[in-house]
Amino acid sequence: MEKYRNLLTYEIENGEVKLTKVYGVFGNYHIPEYIEGLPVTSICLDSLCGSSNIFVLYIPKMVTKICTCGSFHLRRFEVSGENTVFCSSDDGTLYTKDLKVLVAHPDASGCEYIIPEGIKSIGFSDKYDLSFFRFDNGV
């Protein structure tokens, strides 16, 4: 059952919170580590696709699952250094911690993005426009 609290829609399952939507946020936004005293472990970023209101999205340490459409009009993602599954690069791109999956890229710059060596897959759906990516490494 979906619940609503302070610009967020979320679900609770097995003692963990899945964040499903973020509403009306402007500027830099920190996804909460806890809601109702339970850890936020999953976030669905699809509700942010095409949003131009969030500049920096901070992802907390306990998030272990992210569903995404891949395209965000953000300046950058920033991930807690304590997160064991995800990390962000110097340019604000969101990767898995092992740097093998590109999870999401902030497209606010509008610049072409060259996928780094070592990336094995792109972790977003086919809804995403890949036109500004350059695939030089066989992905």
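Biologist: In what sense do E13 and strand E15 pair?
Modeller: In this predicted model, E13 and strand E15, residues 121-122, pair in the parallel sense over 2 bridges.

Biologist: Which residue in E15 is the bridge partner of leucine 102?
Modeller: Leucine 102 has isoleucine 122 as its bridge partner in E15.

Biologist: And how many bridges join E13 to E12?
Modeller: E12 and E13 run antiparallel and are joined by 2 bridges. Leucine 94 has alanine 104 in E13 as its bridge partner. The two strands form a hairpin with 4 residues between them. In that turn, leucine 99 has a positive phi of about 60°.

Biologist: How many residues of E13 are buried?
Modeller: E13 is mostly covered, with 5 of its 6 residues buried.

Biologist: Back to E12, then. Is threonine 96 buried or exposed?
Modeller: Threonine 96, in strand E12, counts as buried because its relative accessibility is 16%, and buried means under 20%.

Biologist: What does threonine 96 touch?
Modeller: Leaving aside residues up to four places away in sequence, threonine 96 touches Val85, Phe86, Cys87, Val101 and Val103.

Biologist: Which residues have the most contacts inside the largest nonpolar core?
Modeller: They are Ile43, Ile59, Ile66 and Leu94, in a core of 24 residues. Strands that each supply at least two residues of this core include E2 (8-13), E3 (16-22) and E13 (101-106). A second, separate core has 6 residues, among them Tyr95 and Tyr113.

Biologist: Changing topic, where does the charged end of arginine 75 sit?
Modeller: The charged end of arginine 75 sits over the ring of phenylalanine 55, 4.2 Å from the ring's centre.

Notes: Residues are numbered from 1 along each chain as its sequence is written. This is a predicted model: local features need pLDDT of at least 70, side-chain atom pairs count only at pLDDT 80 or more; totals for chains, interfaces and linings use all residues. Side-chain values use heavy atoms; hydrogens and water are left out. Buried means under 20% relative accessible area, exposed over 50%, partly exposed in between (1.4 Å probe, protein chains only). Contact means heavy atoms within 4.5 Å. A nonpolar core is a set of buried Ala, Val, Leu, Ile, Met, Phe, Trp, Tyr and Cys residues joined through side-chain atoms within 4.5 Å. A charge sits over a ring if NZ of Lys or CZ of Arg is within 6 Å of the ring centre and within 35 degrees of the ring normal. Two strands pair if DSSP finds at least two bridges between them.
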